[in-house]
Amino acid sequence: MTGTTEARERRGKPSHRDDLRSELLKAACEFVAREGHEGLSIRRLAEEVGVSPGAPYHHFADRRTLLVAVALEGYRTMLAESERAVEQAPQEVLFANLLHFIRFAAANPNMFTLMYESELVRPQLAPELAEAQDVGFQMLRREVSRATQHLSEHERSLRIATIWSAIFGFALQTNRAMLRAHPFEPVPDELAPEIVRQALRLMA
C-alpha cells in the first residue's frame, strides 16, 4: 500500500494531538527516503498523512523546521545502528564506525543527501545538525587520539582530516555514481572495507 493510498484511507479520521507529531515525522521520513527532500512541503506532508493543510504547523513552524527534524531522525538512526555495529566488533571501534557510515550512506541515499548536502548545511550548517554531527566527530577524534599518542596534536589533526575526507568522499562519490569500477574491480560495497583500512593506515 502506498503512502498516498494510506493517506486517503486515513482522511477524515482525526489524529490525537499527542501522536500527530510522531505520525507527521514518520510520514516525512518515509517521503524523504522514497522521493528525496526536495519535493517535501508542509502541504504535501498534510496530504500524505490525511490531515488539514494547517495541521502540521502546530508541530513544525515551517518547511526548514520540518527538514531539520527529519535530518535529526536520520542521525539518530545512523548513530543507533553504528552502536550496534560496534557491539559486534568491540576491538575495531573506529573501523566498524567508519564502515557503517559508508554503508548507511549507500542504503539511505536520499536521507544522506538531506543530512550532508542539502540547504540545511548551506551556506551554514544548521546548529541542530552541528550538534548531531559532533557526536561522530568526537568518536573519530577519540579513537584516533588513542592510537596516535606518539604524534603531535597538529599531526594528529591532519590525520583526522585526511581520514574523514577519504571516508566521506568515498560515500559521496558512491551515492553520486561517480565511481566507475572496471570489470575486475570490486563493487563499491566490497571496496568499502578496504577504503577504510587504507584510510586508517594513516594512524601508523
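Select Glu-83 to begin: this residue is exposed, with a relative accessible area of 53%, in a model that is predicted. Glu-83 sits in helix α4, which covers residues 63–88. Glu-83 and Val-93 are ten residues apart in sequence, and their C-alpha atoms are 9.2 Å apart in space.

Next, select helix α5, residues 93–107, together with α6, residues 109–116. Two packed helices are described by the distance between their axes and the angle between them. Here the axes of α5 and α6 come within 5 Å and cross at roughly 115 degrees. Angles of 65 to 115 degrees count as roughly perpendicular, and α5 and α6 are therefore roughly perpendicular to each other.

Show side chains where these two helices meet. On the α5 side, display Phe-101, Phe-104, Ala-105, Ala-106 and Ala-107. Their counterparts in α6 are Pro-109, Met-111, Phe-112, Met-115 and Tyr-116. By class, the residues of this contact divide into ten nonpolar, no polar and no charged.

Move on to Pro-123, in the loop between α6 (109–116) and α7 (127–147). Include Arg-122 as well: the peptide bond from Arg-122 to Pro-123 is cis, with omega near -5 degrees.

Finally, zoom out to the whole chain. The secondary structure consists of nine helices and zero strands. Of the 204 residues in the chain, 39% are buried. Among contacts with a sequence separation of 6 or more, 66% are between residues 24 or more positions apart. With a surface display on, the chain exposes about 11,800 Å², and carbon and sulfur atoms supply 54% of that area.

Technical notes. Residues are numbered from 1 along each chain as its sequence is written. This is a predicted model: local features need pLDDT of at least 70, side-chain atom pairs count only at pLDDT 80 or more; totals for chains, interfaces and linings use all residues. Side-chain values use heavy atoms; hydrogens and water are left out. Helices (H or I, at least four residues) and strands (E, at least two) are DSSP runs, numbered from the N terminus. Buried means under 20% relative accessible area, exposed over 50%, partly exposed in between (1.4 Å probe, protein chains only). Axes are lines fitted to C-alpha atoms, for helices over the stretch in contact, and angles run from 0 to 180 degrees between N-to-C directions. Angles under 35 degrees count as roughly parallel, over 145 as roughly antiparallel, 65 to 115 as roughly perpendicular and the rest as oblique. Contact means heavy atoms within 4.5 Å. Ala, Val, Leu, Ile, Met, Phe, Trp, Tyr, Cys and Pro count as nonpolar, Asp, Glu, Lys and Arg as charged, and the others, Gly among them, as polar. Accessible areas come from the Shrake-Rupley method with a 1.4 Å probe; for residues, only the protein chains shown count as cover.
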